[in-house]
Amino acid sequence: MSDVGYARDEVRRARYAVAAVFAVHGAVTGSFATRVPWIQEHASLGAGQLGFALAFTALGASCAMPLAGRISHRYGSRTALRGLLALWTLSLALPSLAPNLYTLCLAMFTYGASAGMADVAMNALGVEIERLLDKSIMSGLHGMWSAGALVGSAAGTLAAHLGSDARLHFSLASAVLTVLGLVACTWVLDLQPAEDEEPPPRFALPPRSALLIGTVGFCAVFAEGASLDWSAVFLRDRLDSSAGVAAACTTGFMLTMAVARIAGDAVVDRFGAVRTVRAGGVLAVLGGLLIVVAGHPAVAMGGFALLGLGIAVVVPLCFAAAGHAGPNPSQAIAGVATITYTSGLIAPSLIGGVAQATSLVVSFCVVTALACGLAGFAGVLRSAERGGRAEVSRPAAAVPDPRP
């Protein structure tokens, strides 16, 4: 190990530490999602008011994500991630404390802002570790996020089943996840900026490369958001499935996503990012077509499984491509994250609006059409190919400026 580089064992240890950070981040999201009905009842909100408040999550994330690179530049990657992740885990308690619409909007803005900043910081570190290891790891890291979300949602489901007050549930979950996050951050790489490196701007428009990459991520996240929120409704209303079968479809979709992401790195290393996403786009289109023509719940469940399998690795590869695409990866990652957050926000409501005007079948025709974009625009992810990475022996750069 040189005085400017990292030993391979240190980088591998950092990889596992960042994977744990991703799992903690996902667990916060999974915990929150299960208690939204409690929050709605506690704040005495209608469906429209709840949707308005939840929109502040994406607004907060979009406003705050560009700040992550500057924070990492000033404090170093380890200290920045430690602080931002703790802010995210602690913010979990805020929504449950809101007694009305206005305080919930403020809580959700803070919740989203902390989520977005931690998201950018951990993805930037993941991209740097991927570069140093010279192999794909971003899919697996996002698989750990999905696994953490499943664990968080399982714990939240149990708490809801037991009738636990969400204020108590979130306080305990927040405390546990904060400790786990701080411990995990002990072993992440502590990247520092070069002495003559200019700090990134506080706010800046995403670079053009991020817009192109974000278009691919938009298609994938739209399909993910639509499937998570509407798959159970589709089986219940369109195919007269029981509540248990409908819920199992959503759970199966989430499990498919998690398993595919964890296993996806080997596929990406073997075939490359572009071919992997193109093949995934084909699978997603086939899955969408099965959903549209399904006359039996088993066919629709198979369609949702194929859809999840096809889109699983797209977002991790979008973040990787953004991190390798230019001189300011934090800015590019923030731009891609903003686009994907927006997609995840509008997908459920747009699917509902189309279904209201026509039918759920037409809604998933829209999802299928967007899935075609994965195959058509996969070439913009070429910067995530292995040729864009370097060896461990090269000196490490700060998170805001890892070298291609």
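Tutor: **A close look at one helix**

In helix α16, the buried residues are Leu360, Val361, Ser363, Phe364, Val367, Thr368, Ala371, Gly373 and Leu374. Buried here means under 20% relative accessible area, while exposed is over 50% and partly exposed is in between, using a 1.4 Å probe and protein chains only. Helices (H or I, at least four residues) are DSSP runs, numbered from the N terminus.

Before going on, please note that this is a predicted model, where local features need pLDDT of at least 70, side-chain atom pairs count only at pLDDT 80 or more, and totals for chains, interfaces and linings use all residues. Residues are numbered from 1 along each chain as its sequence is written, and side-chain values use heavy atoms, with hydrogens and water left out.

Now look at what surrounds it. Phe364 and Leu374 join Phe234 as the residues with the most contacts inside the largest nonpolar core, which has 118 residues. Such a core is a set of buried Ala, Val, Leu, Ile, Met, Phe, Trp, Tyr and Cys residues joined through side-chain atoms within 4.5 Å. Helix α7 (residues 101-133) gives this core its largest share, 18 residues.

Phe234 touches Leu360, Val361 and Phe364, among others including Leu239, Ile291, Ala300 and Phe304, leaving aside residues up to four places away in sequence. A contact means heavy atoms within 4.5 Å.

How values were computed. Helix = DSSP H or I, 4+ residues; strand = E, 2+ residues; numbered from the N terminus.
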